[in-house]
Amino acid sequence: DSESIKLIPLSSFKDDMSLEPGVIIAFTSSEGEELAGTVREVREDDVEVDFNHPLAGREIIFKVEVLSVDNSAL
């Protein structure tokens, strides 16, 4: 969701904070909710942060093993 990608002023981050693409940082919303944001790009004056789920847009493959089948509800 492109609306979940935000530009945050570089001055909003602590000087000793590691700001590199791929780094996940915890943020607090104005409502007090904790949100995880992934740094996408560090620019001269701001940081592009993606607040989409880290797995959004990725293909996920699950391996499952069926242990039993319950036909009692049929």
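In what order do the 4 strands of the open sheet lie? In this predicted model, the order is E1-E4-E3-E2, and the pairing is antiparallel. E1 and E2 stand at the edges of the sheet. Each has a single partner strand, so one side of each is left without a neighbour in the sheet. From one strand to the next, the twist averages 45°.

The pairings were then examined one by one. Strands of a sheet pair through backbone hydrogen bonds, in either a parallel or an antiparallel sense. E1 and E4 run antiparallel and are joined by 5 bridges. Across this pairing, Ile 8 stands opposite Val 47 in E4. E3 and E4 also run antiparallel, joined by 4 bridges. Here Thr 38 stands opposite Asp 50 in E4. E2 pairs with strand E3, residues 34-42, in the antiparallel sense over 5 bridges. In this case Phe 27 stands opposite Leu 35 in E3.

Aromatic contacts were considered next. A pair of aromatic rings is described by the distance of the centres and the angle of the planes. The search of the whole structure finds 2 aromatic pairs. One is formed by Phe 13 and Phe 27, with an edge-to-face arrangement. Their ring centres are 6.1 Å apart, and the angle between the planes is 85°. Phe 13 lies in the loop between E1 and E2, whereas Phe 27 lies in strand E2. The pair therefore ties together parts that are 14 residues apart in sequence. Phe 13 has a relative accessibility of 7%, so this residue counts as buried. Phe 27 is buried as well, because its relative accessible area of 16% falls under the 20% cut-off.

Phe 27 also forms an aromatic pair with Phe 51. This pair is edge-to-face, at 5.1 Å centre to centre and with 70° between the planes. Distant parts of the chain are linked here: Phe 27 belongs to strand E2, while Phe 51 belongs to the segment after strand E4 (46-50). The two residues are 24 residues apart. Phe 51 has a relative accessible area of 24% and is partly exposed.

The surface was examined for nonpolar patches. Leu 55, Ile 60, Phe 62 and Val 64 make a nonpolar surface patch of about 470 Å². Of these residues, Leu 55 is found in the segment after E4. Leu 55 is partly exposed, with a relative accessible area of 43%.

The loop between E1 and E2 was also inspected at Asp 16. Asp 16 lies in this loop, which runs between strand E1 (5-9) and strand E2 (24-28). At 70% relative accessibility, Asp 16 is classed as exposed. Phe 13, in the loop between E1 and E2, counts as buried. Asp 16 and Arg 43 are 27 residues apart along the chain. Their C-alpha atoms are separated by 16 Å.

Terms used. Residues numbered from 1 in each chain as written. Predicted model: local features only at pLDDT ≥ 70, side-chain atom pairs only at ≥ 80, totals over all residues. Heavy atoms only, no water. Buried < 20%, exposed > 50% of the residue type's maximum accessible area, 1.4 Å probe, protein only. Phe/Tyr/Trp six-rings, centres within 6.5 Å; stacked < 30°, edge-to-face > 60°. Patch = residues over 30% accessible without salt bridge, like charges linked within 9 Å, V, L, I, M, F, W, Y side chains within 5 Å. Areas by Shrake-Rupley, 256 points an atom, 1.4 Å probe, with all protein chains shown as cover. Salt bridge = Lys/Arg side-chain N within 4 Å of Asp/Glu carboxyl O. Pairing = 2+ DSSP bridges. Axes fitted to C-alpha atoms, helices over the stretch in contact; angles between N-to-C directions.
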